[in-house]
Amino acid sequence: MGNFADSVEKHQNLVSSINQPLAVIGLDKIGQKMAGKLLTPAVWALNYAVNDKLPDKVDAGLFGTGLLGGAAGPAAIVTGVVKAVIDDDLDQKLKAVRKDEKPEHRKSIKAAYHFGSAPAGINAQTIATLGGTAWQHPNGLWVYITFGKDLLVPNFKPQRATRVYRPVWPLQSMGGGKFRFTAKR
Amino acid sequence: MIKLYVFVILILFSTTACSVENDFDKLCGYFKELSAAKNKASMNKSQKFKFINEKVQKELNETSSARQAWEVVVYAVPEERYDIFKSTTTELLGTQWSCKEMQALMPVTGE
C-alpha cells in the first residue's frame, strides 16, 4: 500500500464517471461529526480497494472530493486513517486466503491490489497475461501466487475461489511477453 | 459551518459528475458504432480491433478503468472476453451492466 492517495487518484476517472447527480444528500451524510466524516470515507475506500466496489451514487461525490485531493478538509485528512484501515483489512483477508491453501503455499500468496495501479480485478487479469494464476477468494480479495520472490505460477489450483484467471495451457504467446488467458477452472 | 462547507462541495462536485459519461458505457457505444458500420461485414478481426482501439486510445484516459479493462481483456480467449469484461464492470460499478453489441462482437474483435 505504498501510496494509497496516488492509487486512488489514478482511479479518478472511474470514480468521477458515475453519471448520476448528487441531488439528495441524507442528513446522516451532512450532519455527522468529525469522527463520522473520518469513518465513512474509510469504509468507501475500503470497499473500493478490497472489493473494487464503488460507494453508492449518493456517496460518490463525497468519496471523490474527499480522497482525490479536493477541498473537503475532513475527508482529505483521512488518508492516513484510510490507509491504516485498508492495510489492516487487506492483511486480515489475505490471512484468511492463505489459511485456505496448503501450508507450503501460504507465504507465496499475495494481494493483487499491489500488483499495479488498476483495480485488483484488472490486475488479476494482467497477472494471467503474464503467465500467472490469480483468483478471487470468497471474501472478495483478489490474490496471486509466486514461486520464490516473483516468478508467476501458471497452473496453480486454489482450494477456494469464486473466480480464477490463468494462462491457457500450453501457453499461447500473444506477443510482447503476454499470453492468452482464460477464466475457466 | 462545516455542514455548509460540505454541502457546497457536494453541489460543485455533483455538477462535475453529471457532465461525465460512464467510460464503460462509452466503450459500449464504440461497439454500437462498429455494429452499425456499413463495412462491418468486410472487416476482419484485426480491423474490428483497430476500429475500437483507436477510439479507446483517443477518447479514454490512460487511467480509465474501462480502458485498462479493455486493454487486458483482449488477451482473453475470444469466447470468454465479454463475460470477463462484464464481470469486471459489474464488480467495479457495483451494479449490473451489460452491452449486447459488445457481447455479439467481442469474440470476433482482435486475435
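Biologist: What share of the contacts in chain A with a separation of 6 or more comes from residues 24 or more positions apart?

Modeller: The model is predicted. Chain A holds nine helices and eight strands, and buried residues make up 51% of its 185 residues. Of its contacts with a separation of 6 or more, the share from residues 24 or more positions apart is 55%.

Biologist: How many of the 10 residues of helix α9 of chain A are buried?

Modeller: Helix α9 covers residues 120–129 and is largely enclosed by the rest of the structure. Its buried residues include G121(A), N123(A), Q125(A) and T129(A). The number buried is nine.

Biologist: Which side chain of opposite charge is nearest to E80(B)?

Modeller: E80(B) lies in the loop between α4 (65–73) and α5 (81–93) of chain B. Its side chain makes a polar contact of 2.6 Å with that of T182(A). E80(B) is buried but has no salt bridge; a salt bridge needs the nitrogen and oxygen within 4 Å. At 4.5 Å, the nearest side chain of opposite charge is K184(A).

Biologist: Why are D89(A) and K93(A) separated by about one helical turn?

Modeller: Their side chains meet in a salt bridge, 3.7 Å from N to O, and both residues are buried. An α-helix has 3.6 residues a turn, so residues three or four places apart point the same way. D89(A) and K93(A) are separated by about one turn because both sit in helix α7 (residues 79–99) of chain A, with a spacing of four residues.

Biologist: Is D23(B) buried or exposed?

Modeller: D23(B) forms a salt bridge with K26(B), with the closest N and O atoms 3.9 Å apart. K26(B) counts as partly exposed, at 24% relative accessibility. The relative accessible area of D23(B) is 3%, under the 20% cut-off, so D23(B) is buried.

Biologist: How many residues apart are K55(B) and E33(B)?

Modeller: K55(B) and E33(B) form a salt bridge, with the closest N and O atoms 2.9 Å apart. The pair links distant parts of the chain, K55(B) being in helix α3 (residues 45–59) and E33(B) in helix α2 of chain B. The separation is 22 residues.

Note on methods:
Residues are numbered from 1 along each chain as its sequence is written. Chains are lettered from A and ligands numbered from 1 in the order in which they are written. This is a predicted model: local features need pLDDT of at least 70, side-chain atom pairs count only at pLDDT 80 or more; totals for chains, interfaces and linings use all residues. Side-chain values use heavy atoms; hydrogens and water are left out. Helices (H or I, at least four residues) and strands (E, at least two) are DSSP runs, numbered from the N terminus. Buried means under 20% relative accessible area, exposed over 50%, partly exposed in between (1.4 Å probe, protein chains only). Contact means heavy atoms within 4.5 Å. Lys and Arg count as positive and Asp and Glu as negative; His and the chain ends are not counted. A polar contact is a pair of N or O atoms within 3.5 Å; within protein, one must be able to donate a hydrogen and the other to accept it, and residues adjacent in sequence count only if both atoms are side-chain atoms.
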